[in-house]
Amino acid sequence: MNWTLALPEIVLAILGMAILVFGVLRKQDSFHLCSMLSIGALIATAAFLIGGGSGVGFHGQFSADPFALFVKLLVLAASVLGIIVSLDYNEHENLRRFEFPVLILYATVGMMVMVSATNLMTLYLGVELNSLAIYVLAAFARDNLRSSEAGLKYFVLGALASGILLYGISLVYGFSGTMDFADIAKVLANPANVSAGVVVGVVFIASALAFKVSAVPFHMWTPDVYEGAPSPVTAFMASAPKVAAMALFARVMYAPFGHLLGQWQNVLILISIGSMVLGAFAAMGQGNIKRLMAYSSIGHMGYLLVGLAAGSQIGLRGILIYLVSYVFTNAGMFACIVGMRRNGQSVERIADLGGLGKTSPGMAAALTIFLFSMAGIPPFAGFIGKYFVFIAAVNSGLWTLALIGMAASAVSAFYYIRIIKVMYFDAPAPSLDARPGSLAVVAGFGAIFTTVFFIFPAPVVAAADAAAKAIFG
Amino acid sequence: MTAFGFPLLSLLTFLPLVGVAIILSVRGDEKAVASNARWTALWTTIVVFALSLVLWAKFDRSNAGFQFTETVAWMPQVGLTYKMGVDGISVLFVLLSTALTPLCILASWESIQTRVRDYMIAFLVLETMMIGSFCALDFLVFYMFFEGVLIPMYLIIGIWGGPRRVYSAFKFFLYTLAGSLLMLLAILAMWNFAGTTDIATLMHTVFPKSMQMWLFLAFLASFAVKVPMFPVHTWLPDAHVEAPTAGSVILAGVLLKMGAYGFLRFSIPMLPLASADFAPVIFALSVVAVIYTSLVALAQTDMKKLIAYSSVAHMGVVTIGIFTFNAQGMGGAIFQMLSHGVVSAALFLCVGVVYDRIHTREIARYGGLANRMPGYALAFMLFTMASVGLPGTAGFAGEILVLIGSFKVSIWLAIFGGMGMILGACYMLYLYRRVMFGKLTRADLMSILDLSPREIMTFAPLVVLTIWMGVYPSSFTSFFDATVNSLVEHHQAALAATTKLAGVAH
């Protein structure tokens, strides 16, 4: 049993507990210090990851492969950005508690386990560890009615999804006799073993994971939770867990159930179309920027599912590249949203951005870059991601899906450029407060990455290629 | 890196961004920043123009292929390379872009007073995108520049435009985006078929006929919006009317040409069978555009709108020429594009001159300007004549070549296309009479001033070009003759190959 393969996860879990103990014992306000320590822990974990070996450990339950490495690094980066984004907001909104970064660490451990899972049980453990931490985070502003509501809502619906997931797992186990991904694949390679029970189990698992990535029709919780949760939590929820869940989704669909492509492909095509279309149309009428971002992320999940539905190595590569562009664009976008404050009060209506181009040109320019990127306008990172995903759809002959995706893209451009219109064309609203350095750094980093990604995509593409190959072998 | 010694085309494309960096680095009070932005933008665009003259001098006119090519590996995993180069079709459009941009900066010198810095940045980025899309030799690279144009143009219309600027900016953006996304899908399909998006390779890839039809329609969706062709031209009058003067100039002068350029560069060489099959549809739409929009132009009360509709009509002549598939028609179309680029740009500048003074574009508000503004009247007269297609001006050679080309296809096509010239004379001369002649009645017109030295500097190059293109067109046609001939041959060979195959099959 090669337990060293899970060393990064173990290190991160132990460091998380150590920071928790440290925070408890140190009787003063240690939010800032613990945040810094947590960032350090994440970076140390990344170092362990890069230096770590690859292979399958824990009797086939845990795999450290290039795919897991790629996604884990992305998740770690997203978590670091998530903590940085929270620093100033939590100071201001009286959420200065050291548990915050620790919860993010635990969520990250959960995500890393999800990404490496090669057994349905490991998968479930990872998903739960991740989700439980995030339920608490969503309700972190416990004196705020909306935040508590968001946490409760997410918890109840998330528990339901977990139930569905478990039920699916039990069906698959019951009909195939194993929980191990490789063994399931072996069993299902023989068409005679593909019974209705397995297919139902797969659909249940897919539904639960669709809930985690908030794809239509399991998206209902997203707008409310995004709006109610404290902004930095929304920022975090929109990036790292989505990445991990999407990666897990891809691994589960391709590795154990790859032979059932014909069974699940149409299901995924439907949820993909639903997500893209809903994301495009429902976001139009939103006045609250966090709600808008919720619908926007539903749309983005739709595009990612295009890559998943393609069911090919090219599709998986597309997903990974899209996730890279998504994480950094999203982090920058939320850094701007979290920083929206007027006279010390957080504001989150789109109208509050009125005339931002005049009152704070730097932030307006950064937001413009993010919005064009999300709309998929070249040369920004979002375009590169979409390009690689649609390449996969075309390659697999999914023309209808590609066509609908393009149409949804055009429609969603409308609400993205509407925000740009508010910032540049409208009369100035009273100016927003100056943004703290931490947010400016994240926004600046995101803007630069989003802008220059198209110049040097080759290394990322090569890494994504290698990662996708690891799954398809 | 390139046969020429240094990457001239990349330099031309990205030099404006250096200007952006300089403008961004300047700090200080608003006035200093504005003045600095103006001068930096002007000098950057002048340097780019001077550099682009190397193309004029060194371009081998007898060579039909791509020249000044550069290649850099970009995303080898999907067969994507950064490839630049120009041939006879594109080289003059690069020059047109580099020539018009400094004039646009000059024209905005005083009329743009708010957020000058942002404005100049937008224009420099726009120049990068324009030059890039004409130089790109990879379809995806082209697409990135082609789409990238939307960003600065959306901001230019939306921020510095007229009262209905928001509506116009949205319409412009969404129309163009919807069309281009279909083109992107077609690009992906081509990539899937050929394994590359390299233009030179795709030109020699034979796509199955049924696939060509779909690809052609997808391209049509994008290029027809950009040209613009009837019935998707409705964004143009709105965008023109609301855009600031320089925005209209660049829109009419260069951006519209991108659509027609797309037909020449992609649709016809890559999809010869579909192009031949769809030619009658294009002819029909073009003829409708020529006649219908000319009539609409006749009824306009807004100067800019009138010229915008005349642009649609002129571009209709261009699309007729392109789809005649003979050397005269295609050459004429390219020449018409160039002359329209100069003349319509100049006409929009002319409108800008009086708009800056009186702040209205209502034709009825003017009259008798010739009395107070003889210099302006002369320039306007020249450009009006060029727009009408008077021999000796830029507009003539292109239209006559297209007419000759369309005669070879069908006499009716020539007759209907020729209607555009007649109607063009009607609405342009009618416009000129209403604005220039008659009595000066309004008080504010009594004291209107003639062209300022800055405006004379803006118009002088356009006047020279208009006459030069009219008197000695072959100094321009010689650039693209070889390429057009090879394009025609390529097209006929492709058609012949299929007929042969069909013969074998039967």
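Student: Before we start, what are the ground rules here?
Tutor: The model is predicted, so local features need pLDDT of at least 70 and side-chain atom pairs count only at pLDDT 80 or more, while totals for chains, interfaces and linings use all residues. Residues are numbered from 1 along each chain as its sequence is written, chains are lettered from A and ligands numbered from 1 in the order in which they are written, and side-chain values use heavy atoms, with hydrogens and water left out.

Student: OK. How do H10 and H12 of chain A pack?
Tutor: Helix H10(A), residues 231–254, packs against helix H12(A), residues 289–310, at an angle of about 15 degrees, with the axes 11 Å apart. H10(A) is therefore roughly parallel to H12(A) (angles under 35 degrees count as such). Axes are lines fitted to C-alpha atoms, for helices over the stretch in contact, and angles run from 0 to 180 degrees between N-to-C directions. Helices are DSSP runs of H or I with at least four residues, and strands are runs of E with at least two, numbered from the N terminus.

Student: Which residues meet there?
Tutor: Among them are A:Met246 and A:Phe249 from H10(A), and A:Met301 and A:Leu304 from H12(A). Contact means heavy atoms within 4.5 Å.

Student: Switching to chain B: in what sense do E1 and E2 pair?
Tutor: E1(B), residues 67–75, and E2(B), residues 80–86, pair in the antiparallel sense over 6 bridges. DSSP has to find at least two bridges for two strands to pair. B:Met75 has B:Leu80 as its bridge partner.

Student: What about the turn?
Tutor: The two strands form a hairpin with 4 residues between them, and B:Gly79 in the turn has a positive phi of about 65 degrees.

Student: Is B:Thr466 buried or exposed?
Tutor: B:Thr466 counts as buried because its relative accessibility is 0%. Buried means under 20% relative accessible area, exposed over 50%, and partly exposed in between, with a 1.4 Å probe and protein chains only. B:Thr466 is in helix H20(B), residues 453–471. Leaving aside neighbours within four places in sequence, its contacts include B:Val342, B:Leu382 and B:Thr393.

Student: And where is A:Arg435?
Tutor: A:Arg435 is in the loop between helices H17 (399–424) and H18 (437–452) of chain A. At 26% relative accessibility, A:Arg435 counts as partly exposed.

Student: What does A:Arg435 touch?
Tutor: Neighbours within four places in sequence aside, A:Arg435 is in contact with A:Gly339, A:Ser360 and A:Met363. A:Met340 is 95 residues from A:Arg435 in sequence and 7.8 Å away, C-alpha to C-alpha.

Methods. Angles under 35 degrees count as roughly parallel, over 145 as roughly antiparallel, 65 to 115 as roughly perpendicular and the rest as oblique.
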